[in-house]
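Hello,

The structure we discussed is below, and my notes on it follow. Please read them with the coordinates open.

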Amino acid sequence: MNRSQMKLKWTIWVLSVLLLLACLLSLNVGVVAISPAEVFQMLTGNGTEQQALVLFEIRLPSMVLALLVGTAMAISGAILQSITRNELADPGILGINTGAGLAVVIYIAFSQTATGSLSASGALILPFFAFFGALLTAVLITVLAWKRGFHSIRLILVGIGINAGLSAILITLQLRLSPQDFMEAMVWLCGDLWATQWQYVRTLSSWLVLLIPYTLYKAHTLNILNLGSQVATGLGIRSNREYLILIVLAVAMSGLGVAAGGGIAFLGLIAPHIARRIVGPRHQAMLPPAALLGSLILLLSDTIGKNLLSPTELPAGMVVSMVSAPYFIFLLMKTK
Amino acid sequence: MLRNHVQQTMGAAGRRARTGWILLVGIIGILLALAVSLVYGTKDLQLSTVWQALFAYDPDIKAHQIVQDIRFPRSLAAALIGAYLALSGAIMQALTRNPLAEPSLLGVSHGAAFALVVTIAFVPDISIVGATVSSMTGAGLAVLFVFVLASASNGNVTPVKLSLAGIATGMFLSSLTSSIALHFDVSKEMGFWYAGGLANMDWRAVKVLAVAGLFGILIVTALARALTLLHLGADVTKGLGIHVQAVKTLAVLAVLLLTGSSVAVSGAIGFVGLVVPHISRMLVGLNYRFSLPVSAVLGSLLLVLADVGARMINPPFETPVGVVTALIGVPFFLYLVRNEKGRTA
């Protein structure tokens, strides 16, 4: 086993242990504190009914959700960064999150029921709206950025423009909502990991089980596309076609992530980036640590957001932005 | 490109005449737009009534009150803000030599919002002047931050880099803003502010704008020639014996005053500063002595019309004017991105 493989193995081990600790932490803290010993007891089938309810119906699904959304966002970001050949690409910056958010707010604004809020029936349809919003936005960006093939910088700038336009429409609609809905929509847009019920967790995980292995299968293509479309064509890759496939893949994952987690920006940016710094740019090596990092960061942010300013619950996405934006700016200053 | 074509085919005298004509037509346009803006509203007034309200004010007539207290300050504020934003955009584009530089894309409004929410959260009963000063400071600090970032970073500051710096700064500040707003329960107030509105303009706002604008425009006037040279590149500027650092500092100060006061009274109104300077340069060329006045006039005209549009789209409700300008500006932005060869790369 050579050095880089050793390093990869170690990285994955260390991250897994950290992730496990973060999981325990997130299960423990909260309005109802449950100690690690009690968690263990309950997993073996003992414990009070109230604790079991908190643990199995609230904390556990929300923990799993954070793990899944973190993974989806990190891998989606990794793909976007490779195909745009820009380390600073991220679904949040490109406007994909805003597109999903707009779809959700349109749904809330035009389906106002008697209760006028994100009620139970809405909660089933909401993810679909978010997903199609993300998809439509990505199609729009791709179409507008296409000019005799892809150009990575044009793609990012078009994304920024679309993001600005969609935000303008979004805010208009938001202002027409009732104050309560406005708050709900705002919290959602900031990424509050709202879909904390087992049914969503199951749906999300079944999609990811399909999409993640396919991404790993495409790792080689990603490596080559990262060298630039001319090199890729020279090496026998039909680059525009592969671009399209991979964009669909990236959008599918960020769309799913946004649908279940809300607009979480920067996560797709920093997780792959840190992973690349540790284990190098090869996608076969880089994708697994990136996924672990994404989960870890999101889970910690979620735990911090829920407990820092208690009783106010800060959406996890906000915490992620506050922590990652400075890192992003640091990266920006270093890139040529 | 049209811009180069204009510069090649016209002598200085021709450009001066052309600028004069454009300014004349533009000012007449503004006056007409102001008239429409005063007449049109939830309650349509006769032009003669408006005239009387302005020049023979009778406080007992309701229509006169509407004109004097609501519509006139609002229209004036729109005209001023439009001019200020266009000037700020032109200055930023010269300073950064960057076609996509624009106040709202550089995190300015987020800076102002952040300062404002902090102020509201900790001093709930703050006066309107206090709130204005605080959001002006916030806007100023955000611009300053993005500029410092741009000048301190490695390599060239490409358009994409500057835009990303602005976005990241904006996102960072807006998460802080939202957290504070959530914790202190002032979210919706902030939402209105973010959308950019001219609905609540009064004479105080116009006064703030007038004072800040006076100083800002004085600085801009003094800098016009230096800005043209800056746009051509720092090497040229040094060769001609201009103190680059002094010019830049003064220019940033002008941006702070102009954008800061606009953002403070009206919230985030985007894309005026992007679109207008480009159009002005296409019309009269790169020379800022000509393009700055044209930018100011066209900016005014655009925002007054956008404000009328904002009232007409969905009456009796008002669409935030920032949305109208974004709907005009985003396609323009995309056009620039698709057509700038080499410079954006």
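Helix 14 of chain A runs over residues 283-307, and its 25 residues should span 36 Å at 1.5 Å a residue; the end C-alpha atoms are 35 Å apart, which agrees. Please keep in mind that this is a predicted model. Helix 14 of chain A is mostly covered, with 19 of its 25 residues buried.

Helix 13 of chain A (residues 267-279) passes the length check as well: its 13 residues should span 18 Å at 1.5 Å a residue, and its end C-alpha atoms are 18 Å apart. Helix 13 of chain A is mostly covered, since 10 of its 13 residues are buried. The buried residues are Leu267(A), Gly268(A), Leu269(A), Ile270(A), Ala271(A), Pro272(A), His273(A), Ala275(A), Arg276(A) and Val279(A). What do the buried residues of helix 13 of chain A pack against? They pack against helix 1 (3-28), helix 3 (49-84), helix 4 (91-94), helix 14 and helix 15 (316-334) of chain A.

Phe266(A) lies in the loop between helix 12 (239-261) and helix 13 of chain A. The phi of Phe266(A) is near 75 degrees, which is a positive value in a residue other than glycine. Phe266(A) has a relative accessible area of 0% and is therefore buried. Just after helix 13 of chain A comes Gly280(A), with a positive phi of about 90 degrees.

**Chain A: helices 5 and 7**

Helix 5 (residues 96-110) and helix 7 (residues 152-175) of chain A pack with their axes 9 Å apart, at an angle of about 20 degrees. Angles under 35 degrees count as roughly parallel, so helix 5 of chain A is roughly parallel to helix 7 of chain A. The contact involves Thr98(A), Gly99(A), Gly101(A), Leu102(A), Val105(A), Ile106(A) and Phe110(A) from helix 5 of chain A. From helix 7 of chain A it involves Asn163(A), Leu166(A), Ser167(A), Ile169(A), Leu170(A), Leu173(A) and Gln174(A). Helix 5 of chain A passes helix 7 of chain A in a left-handed crossing.

**Chain B: overview**

Chain B has 14 helices and zero strands. Of its 345 residues, 58% are buried. Among contacts in chain B between residues at least 6 apart in sequence, 77% join residues at least 24 apart. Chain B exposes about 14,400 Å², and carbon and sulfur atoms supply 68% of that area.

**Chain B: what packs on helix 4**

Two partners of helix 4 (residues 62-96) of chain B are described here, helix 11 and helix 3.

Helix 4 of chain B and helix 11 (residues 244-266) of chain B pack at about 145 degrees, with axes 9 Å apart. Helix 4 of chain B passes helix 11 of chain B in a left-handed crossing. On the helix 4 side, the contact is made by Ile81(B), Tyr84(B), Leu85(B), Leu87(B), Ser88(B), Ile91(B), Met92(B) and Leu95(B). The residues from helix 11 of chain B include Ala251(B), Val255(B), Leu258(B), Ser262(B) and Val265(B).

Helix 3 (residues 47-55) of chain B packs on helix 4 of chain B at about 75 degrees, again with axes 9 Å apart. Helix 3 and helix 4 of chain B are therefore roughly perpendicular to each other. Here Thr49(B), Val50(B), Gln52(B), Ala53(B) and Leu54(B) of helix 3 of chain B meet Ala63(B), His64(B), Val67(B), Gln68(B) and Phe72(B) of helix 4 of chain B.

Phe271(B) sits in the loop between helix 11 and helix 12 (272-284) of chain B. Its phi is near 75 degrees, a positive value in a residue other than glycine. Phe271(B) is buried, with a relative accessible area of 4%.

Is Ala326(B) buried or exposed? Its relative accessibility is 4%, so Ala326(B) counts as buried. Ala326(B) belongs to helix 14 (residues 321-339) of chain B. Leaving aside neighbours within four places in sequence, Ala326(B) is in contact with Ala168(A), Gly270(B), Phe271(B) and Pro331(B). The C-alpha atoms of Ala326(B) and Leu32(B), which are 294 residues apart along the chain, are separated by 23 Å.

Regards

Definitions and conventions: Residues numbered from 1 in each chain as written. Chains lettered and ligands numbered in written order. Predicted model: local features only at pLDDT ≥ 70, side-chain atom pairs only at ≥ 80, totals over all residues. Heavy atoms only, no water. Helix = DSSP H or I, 4+ residues; strand = E, 2+ residues; numbered from the N terminus. Buried < 20%, exposed > 50% of the residue type's maximum accessible area, 1.4 Å probe, protein only. Contact = heavy atoms within 4.5 Å. Areas by Shrake-Rupley, 256 points an atom, 1.4 Å probe, with all protein chains shown as cover. Expected span 1.5 Å × (residues − 1). Axes fitted to C-alpha atoms, helices over the stretch in contact; angles between N-to-C directions. Parallel < 35°, antiparallel > 145°, perpendicular 65-115°, else oblique. Left-handed = near helix turned anticlockwise from the far one by under 90°.
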